[in-house]
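Thanks for coming. Please look at the sequence and the structure first.

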Amino acid sequence: MCDQSDAPPIPDDVLTLARAARHVAVFSGAGISAESGVPTFREVQTGLWERFSAQDLATPEAFESDPALVHTWYRWRAALIQQVSPNPGHQALAQWQRQLGGAGGRLSIATQNVDDLHERAGAEVLAHLHGSITAHRCAECDAPAELAAPQYDGAAAPAEPVDPPLCEVCEEGLIRPGVVWFGEPLPMEAFDAAADAMRAADLILVVGTSGLVQPAASLPLLGMERGTPLIEINPEPTELSDAMHHRLRGPAGKLLPVLVQAVTGEALHAMDGSDGTDDSVERRAR
């Protein structure tokens, strides 16, 4: 069972909106992954990479200049991600998605995160707006590629960079991670699917995102075209807070299980705990 004893209360008007919703659109960001222990870019700048910034490693130019260094950095990051588990926030969304789907509704998830924590919690993700660190493709012909799971233990950064494999389709290009690098456009199919979901929703949840990374961060605001209620779940105010109808202050791993249990009537059986502070809940009625 998920411990909800120190979770902030959910306002009644938010519960009313959530219980009535049949088409929920969720927009998630790095905050929900951070609660699981997923390291940020800055937190993995050690060893081989301590003299590089994230911008130095997450660009097409960096891969072209030193493919082994960039390849190894992403493989190590993927290994670190595989060592953490979905938190109760991920699991609550998966549970709500199943409940709504079984009742003829839907809950769509568009995420800025490149990890697979939503999927490992049992949810289907409509759109990975910044790609996926578990996907790979050829840097020349774009053919998808399958790589074995990285074998780093995460305790220490790799001692030496390893060259990326050669594409088996064109036999010329190197295999790159399937993420969106700085300076690259977002995948239009994912962006359009997320935009359609926001426009069709009767409730939008914005979970764990700072609202700084554009153009993805503007997607939840598409709901304003139809007057769709917008609910933010985040420990701190963000760039999107002023546009929200309701703002729940606290960690997703604490707030989402309480919200979803109240909606579905089912307690969350969490696979992994999540720590969080007993922050206040603030809302702005419109």
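This is a predicted model: local features need pLDDT of at least 70, side-chain atom pairs count only at pLDDT 80 or more; totals for chains, interfaces and linings use all residues.

Grid points are joined across faces, edges and corners, and a volume is the space filled by probe spheres set on the points.

Residues are numbered from 1 along each chain as its sequence is written, and side-chain values use heavy atoms, with hydrogens and water left out.

Now the cavity. How many cavities of 30 Å³ or more does a search of the whole structure find? The search finds one. The largest cavity holds about 40 Å³ of space. Its lining is made of His23, Val24, Ala25, Arg106, Ser108, Ala197, Ala200 and Ala201. By class that is five nonpolar, two polar and one charged; Ala, Val, Leu, Ile, Met, Phe, Trp, Tyr, Cys and Pro count as nonpolar, Asp, Glu, Lys and Arg as charged, and the others, Gly among them, as polar. At least two lining residues come from each of strand E1 (23-28), strand E2 (106-111) and helix H8 (188-200), and E1 gives the most, with three. Those labels are DSSP runs numbered from the N terminus: helices are H or I with at least four residues, strands are E with at least two.

H5 gives the most, with six residues. The lining of this pocket divides into eleven nonpolar, four polar and three charged residues.

E4 also has strand partners; two strands pair if DSSP finds at least two bridges between them. E4 pairs with strand E6 (residues 175-179) in the antiparallel sense over five bridges, with serine 132 opposite glycine 178. E4 is also antiparallel to strand E5 (residues 144-145), over two bridges, and here histidine 136 stands opposite alanine 145. The hairpin of E4 and E5 has five residues between the strands, and aspartate 142 takes a positive phi near 70 degrees there. Why mention that? Most residues other than glycine have a negative phi. Glutamate 171 also has a positive phi, near 60 degrees, and sits in the loop between E5 and E6.

On to strand E8 (residues 230-234). Is E8 enclosed or open? Five of its five residues are buried, so E8 is largely enclosed by the rest of the structure. Buried means under 20% relative accessible area, exposed over 50%, and partly exposed in between, with a 1.4 Å probe and protein chains only. On one side of E8 the buried residues are Leu230, Glu232 and Asn234, and on the other Ile231 and Ile233. E8 runs parallel to strand E7 (residues 203-207), over four bridges, and to strand E9 (residues 246-249), also over four.

Last, the rings. Rings of Phe, Tyr and Trp (its six-membered ring) pair if their centres lie within 6.5 Å; planes under 30 degrees apart count as stacked, over 60 as edge-to-face and the rest as tilted. The whole structure has three aromatic pairs. Phenylalanine 63 and tryptophan 181 have ring centres 5.5 Å apart and planes at 40 degrees, so the pair is tilted. Phenylalanine 63 lies in helix H4 (residues 60-65) and tryptophan 181 in the loop between E6 and H8, so the pair ties together parts that are 118 residues apart in sequence. Both phenylalanine 63 and tryptophan 181 are buried. Tryptophan 73 and tyrosine 74 form an edge-to-face pair, 4.9 Å centre to centre with 80 degrees between the planes. Ring pairs link Phe63, Trp73, Tyr74 and Trp181 into a cluster.

How values were computed
On a 1 Å grid over the protein atoms alone, a cavity is a set of points where a 1.4 Å probe fits but cannot get out, and a pocket is an open set with protein on both sides within 12 Å along at least five of seven lines; lining residues have an atom within 4 Å of a point.
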